[in-house]
Structure formats: C-alpha cells, structure tokens
Amino acid sequence: MALLRSLACFLFLLCSSFTFEAVNGRMYGGGDVVEEEEDDSRTVADGARGGAGGWPGYLYTRAVGRCTPQFWSSGAEQWPNIIPQEAAVSKVFGSRSIDRYGPRLTVLEATTRTDDNGSSSAFAKLVKQGSAALLNAYARKGFPLDSWEVKALLLEALVSEDAAAAQADRFEQANESCI
C-alpha cells in the first residue's frame, strides 16, 4: 500500500511539474517546443504580470485609478519620500493654506476627505484633488503638472470658492487621466 501511495505521489508531482506557458505564440512544456497557430480571437492576455512571461489564463488589466486621492489614501503604493503622509498641508503647500485648512490637516487626511461633495465644498475638493495631484507630480512620469505648478495653482485658487471649484475640477481631470 505504501508503495502504491508513493507511486501515486510521484506521478502527481511529475504531471504537475509539466506546465505550459504561453510565450510569443509558442507553447513550452517538458522541454519540447510546439508551434501554435496564431489565433487573433484569443481572450487571454500576456498574463497577470503584464509581460510576455506571464501566466496563461489570467487577464492583465491596468489598475484603475492609480492617481486618484482614493488610491493614494489606500496605501496601495508607497508615497514619494519628499511628502510623508503625516506632513501638514500648510507645510507642503505653504503658509497661505493655513487660513483655509488650519495647521494640523495632514496630506493623508486631505486625500481621505469625504466632505468634497456638494455646493459648499469647493475648498475641500481642492485640497483633496490638489494633494493627489502633488503626489502624482512627484511619483508619475508624464503627469501633466510639475510639483511647483500644483502648489502654485492650489494657492492661487484659494482666493474664491469659484476659483477653488474650477481648479479642483482641473486637478481631478488630471488625476483621472493619469496612467
């Protein structure tokens, strides 16, 4: 009985180690290379890791919202070293922001705000989207704004609620279109 069980385990391990991996239209397995017809109707992408050596059967999808305030507040990616999560908004954006946001609001708290919906929340939306835009300016190559531009635009928008709403919408559009 023990011999039969050992033989079964050996066969299982042998069969499970014989895997196929889709790479550049070829099937590799057990050392033999088998050419496969090119089929444009395949629904399998290059793999979960996004490269040609990915796992077959898993669809590769781009992470949605990699630049949004919700993404930055989730902790899914490390923040740029230049802006710690516990940094005060007034220290990051300048002393003019103290009048509107106070000295204790942190950048992490700004990205997690939920009071940015409604007509009287233009300044809340501005600091939320502006904080995400600043993080994106430091962390994402190809982001349309530089860090100094984000800081200057946020401070300029503090003059009125209309200016804050308009700039918050521009920051939101830049954050949503970021790759």
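Modeller: Helices (H or I, at least four residues) and strands (E, at least two) are DSSP runs, numbered from the N terminus. On that count the protein chain has eight helices and three strands, in the order α-β-β-β-α-α-α-α-α-α-α from the N terminus on. Keep in mind that this is a predicted model: local features need pLDDT of at least 70 and side-chain atom pairs count only at pLDDT 80 or more, while totals for chains, interfaces and linings use all residues. Residues are numbered from 1 along each chain as its sequence is written, and side-chain values use heavy atoms, with hydrogens and water left out.

Let's start with helix H8 (161-177). H8 has 17 residues and spans 24 Å from first C-alpha to last, close to the 24 Å expected at 1.5 Å a residue (the expected span is 1.5 Å times one less than the number of residues). Its buried residues are Ala164, Gln167, Ala168, Phe171, Ala174 and Asn175, where buried means under 20% relative accessible area, exposed over 50% and partly exposed in between (1.4 Å probe, protein chains only). These residues cover an arc of only 125 degrees around the axis, which puts them on the same side of H8; the arc is that of the directions from the helix axis to the C-beta atoms. An α-helix has 3.6 residues a turn, so residues three or four places apart point the same way. The other side of H8 carries the exposed Asp162, Gln173, Glu176 and Ser177.

What sits over the buried side? The cover of H8 includes helix H6 (122-139) and helix H7 (147-157), judged by contact, that is, heavy atoms within 4.5 Å.

Cys178 is joined to Cys67 by a disulfide, S to S 2.1 Å (the cut-off for a disulfide is a pair of cysteine sulfur atoms within 2.5 Å). A search of the whole structure finds one disulfide. Cys67 lies in the loop between strand E3 (32-35) and helix H2 (69-74) and Cys178 in the segment after H8, so the pair ties together parts that are 111 residues apart in sequence. The torsion about the S-S bond is about -40 degrees, so the disulfide is left-handed. Both partners are tucked away: Cys67 is buried at 1% relative accessible area, and Cys178 is buried at 8%.

The buried residues of H7 are Ser147, Val150, Leu154, Leu155 and Ala157, and they cover an arc of only 165 degrees around the axis, which puts them on the same side of H7. Trp148 and Glu156 are exposed on the face turned away from that side. The cover over the buried residues of H7 includes H3, H6 and H8. Leu155 also turns up next to Ser97: leaving aside neighbours within four places in sequence, Ser97 is in contact with Val89, Ser90, Gly102, Leu155 and Leu158. Ser97 sits in the loop between helix H3 (89-93) and helix H4 (98-101), and is buried at 0% relative accessible area.

H6 has 18 residues and reaches 25 Å from its first C-alpha to its last, close to the 26 Å expected.

Of its 33 residues, Val89, Tyr101 and Leu126 touch the most other members. Two or more residues each come from H2, H3, helix H5 (107-111), H6, H7 and H8, and the largest share, eight residues, comes from H6. Not counting residues up to four places away in sequence, Val89 touches Gly94, Ser97, Tyr101, Leu105, Thr106, Val107, Ala110 and Val127.

One more spot is worth a click: Ile83, in the loop between H2 and H3. Ile83 counts as buried at 2% relative accessibility. Setting aside residues up to four places away in sequence, Ile83 touches Val92, Val107, Leu134, Leu135 and Tyr138.

Zooming out, 34% of the 179 residues of the protein chain count as buried. Among contacts in the chain with a separation of 6 or more, residues 24 or more positions apart account for 50%.

Key
Core = buried A, V, L, I, M, F, W, Y, C linked by side-chain atoms within 4.5 Å.
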